[in-house]
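Subject: Structure handover

Hello,

Here is the structure I promised to pass on. Please open it first, then read my notes below.

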Amino acid sequence: MRRTYRKNILRTVRASLSRFLAIFAIVALGVGFLSGLLASPVDMRLSADDYCRALNLYDIKIQATQGLTEGDLNAVRSTEGVGAVMPAYDMDLMLKSQTGETLTARLMSIPGDGVEEEDKLNDLVLVDGRMPSAPDEIVVGLTKDFSGDRPQVGDILTVSADNEESISDALPDSFTVVGTVKSAMYLSMENESTTAGSGSLGLLAYTVPESFTLDYYTGFYLAVADTVELDSFSQAYDDVVAAVTGALEPLGEERSQIR
């Protein structure tokens with residue numbers, strides 16, 4: 001019976017070999033496709049985590065409506081669980097290109113000379129040109145083209161007269177593009193919304209802190225202690241960061257009253 005059964009199976013396979021091979025190939029493709037789908041999210045999370053770690057991406061960002069002071073900076077630094085704090089400036093505004101195109105931009109500061117090495121976060125990867133060294137120089141972030149042509153090295157962008165007076169007074173009249181960079185802060189391909197210009201960011205740019213004539217910081221970037229070795233997509237990481245965030249919330253209420 002067994003021998004006859006095996007012979008019958010082999011005879012059936014030989015009689016319809018092409019159909020058997022086609023079904024086998026379909027099943028193999030399905031298994032391979034499913035395996036790829038299951039493995040890809042894990043690989044993507046690991047790659048993103050390694051990339052963010054290599055560029056010292058921040059864990060928490062602090063912002064305040066009325067700005068942040070040196071007193072706020074010292075208070076945040078003394079909070080338990082905070083490993084590094086980098087004060088920064090950023091501003092959403094409208095810039096005009098040499099062709100007359102209006103670009104809705106976010107201008108951000110790179111770490112200044114006064115920032116300690118261990119407090120420098122959000123490293124940039126220089127792709128072309130050089131980093132800015134003067135208040136009227138910027139580098140442009142390489143990400144999705146939101147609108148028009150991306151400014152090139154050597155282009156001059158003028159601060160639009162349509163900006164609020166407080167923005168125009170706080171910045172130089174124009175900026176020269178001296179390089180292009182990549183940043184772990186902007187991995188998404190989706191447009192970010194803003195209250196300036198068209199309401200959708202069209203340009204990311206970075207400059208030295210001296211470009212901003214302000215008597216306050218617009219934000220602090222924080223690195224939480226003991227998170228370097230943690231997977232940033234894990235529950236353990238979320239728990240550590242949440243503990244520090246919980247400690248900062250009452251501090252924010254206290255410091256805002258002083259401000």
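What percentage of the 259 residues of the protein count as buried? The figure is 36%. Keep in mind that this is a predicted model.

**Overall build**

The protein has 5 helices and 10 strands. Its radius of gyration is 27 Å. The globule rule gives 18 Å for 259 residues, so the protein is more spread out than a compact globule. The C-alpha trace spans about 95 × 50 × 30 Å along its principal axes.

Next, the contacts. Take those with a separation of 6 or more: 78% of them join residues 24 or more positions apart.

Then the surface. The protein exposes about 15,400 Å². Carbon and sulfur atoms supply 54% of that area.

**The largest pocket**

This pocket holds about 680 Å³ of space. It is lined by 23 residues. Closest to its centre are Asp90, Met91, Asp92, Ile167 and Thr195. Which of them gives the most? That is β1, with 6 residues. By class, the lining of the largest pocket has 7 nonpolar, 10 polar and 6 charged residues.

**The second largest pocket**

Here the space is about 490 Å³. The lining has 25 residues. Nearest the centre of this pocket lie Cys52, Arg53, Asn56, Leu57 and Asp59. At least two lining residues come from each of α2 (17–54), β2 and β10 (217–224). The top contributor is α2, with 4 residues. The lining of the second largest pocket divides into 14 nonpolar, 4 polar and 7 charged residues.

**The cavities**

The structure holds 3 cavities of 30 Å³ or more. The largest cavity has a volume of about 100 Å³. It is lined by 15 residues, and those closest to its centre are Met86, Ser109, Asn122, Met185 and Tyr206. Two strands, β2 (82–88) and β4 (102–109), each supply at least two residues of this lining. Its classes are 11 nonpolar, 3 polar and 1 charged. Note that β2 also supplies at least two residues of the lining of the second largest pocket.

Most residues other than glycine have a negative phi. Asn56 has a positive phi of about 55 degrees, although it is not a glycine. Asn122 also has a positive phi of about 55 degrees.

Where do they sit? Asn56 is in the loop between α2 and β1. Asn122 is in the loop between β4 and β5 (124–129).

Are they buried or exposed? Asn122 has 9% relative accessibility, so it counts as buried, the cut-off being under 20%. Asn56 is at 34%, so it counts as partly exposed.

Asn56 is among the residues nearest the centre of the second largest pocket. Asn122 is among those closest to the centre of the largest cavity.

Start with Ile62, in strand β1. Its relative accessible area is 16%. Why does Ile62 count as buried? Because 16% falls under the 20% cut-off. Leave aside its neighbours within four places in sequence. Ile62 is then in contact with Leu68, Val76, Thr218, Gly219, Phe220, Leu222 and Leu248. How far is Ile62 from Leu34 in space? They are 28 residues apart in sequence and 41 Å apart in space, C-alpha to C-alpha.

Now Val177, in strand β8 (residues 174–183). Val177 is buried, with a relative accessible area of 1%. Not counting residues up to four places away in sequence, Val177 touches Ile138, Val140, Pro151, Gln152, Val153, Gly154, Asp155 and Leu157. Take Val153 from that list. Val177 and Val153 are 24 residues apart in sequence, and their C-alpha atoms are 5.0 Å apart in space.

Ile62 and Leu34 are 41 Å apart, whereas Val177 and Val153 are 5.0 Å apart.

Best wishes

Technical notes
Residues numbered from 1 in each chain as written. Predicted model: local features only at pLDDT ≥ 70, side-chain atom pairs only at ≥ 80, totals over all residues. Heavy atoms only, no water. 1 Å grid on protein atoms, 1.4 Å probe; cavity = no way out; pocket = protein on both sides within 12 Å on 5 of 7 lines; lining within 4 Å. Points joined across faces, edges and corners; volume = space filled by probe spheres on them. Nonpolar A, V, L, I, M, F, W, Y, C, P; charged D, E, K, R; others polar. Rg over C-alpha atoms; globule rule 2.2 N^0.38 Å. Buried < 20%, exposed > 50% of the residue type's maximum accessible area, 1.4 Å probe, protein only. Contact = heavy atoms within 4.5 Å. Areas by Shrake-Rupley, 256 points an atom, 1.4 Å probe, with all protein chains shown as cover.
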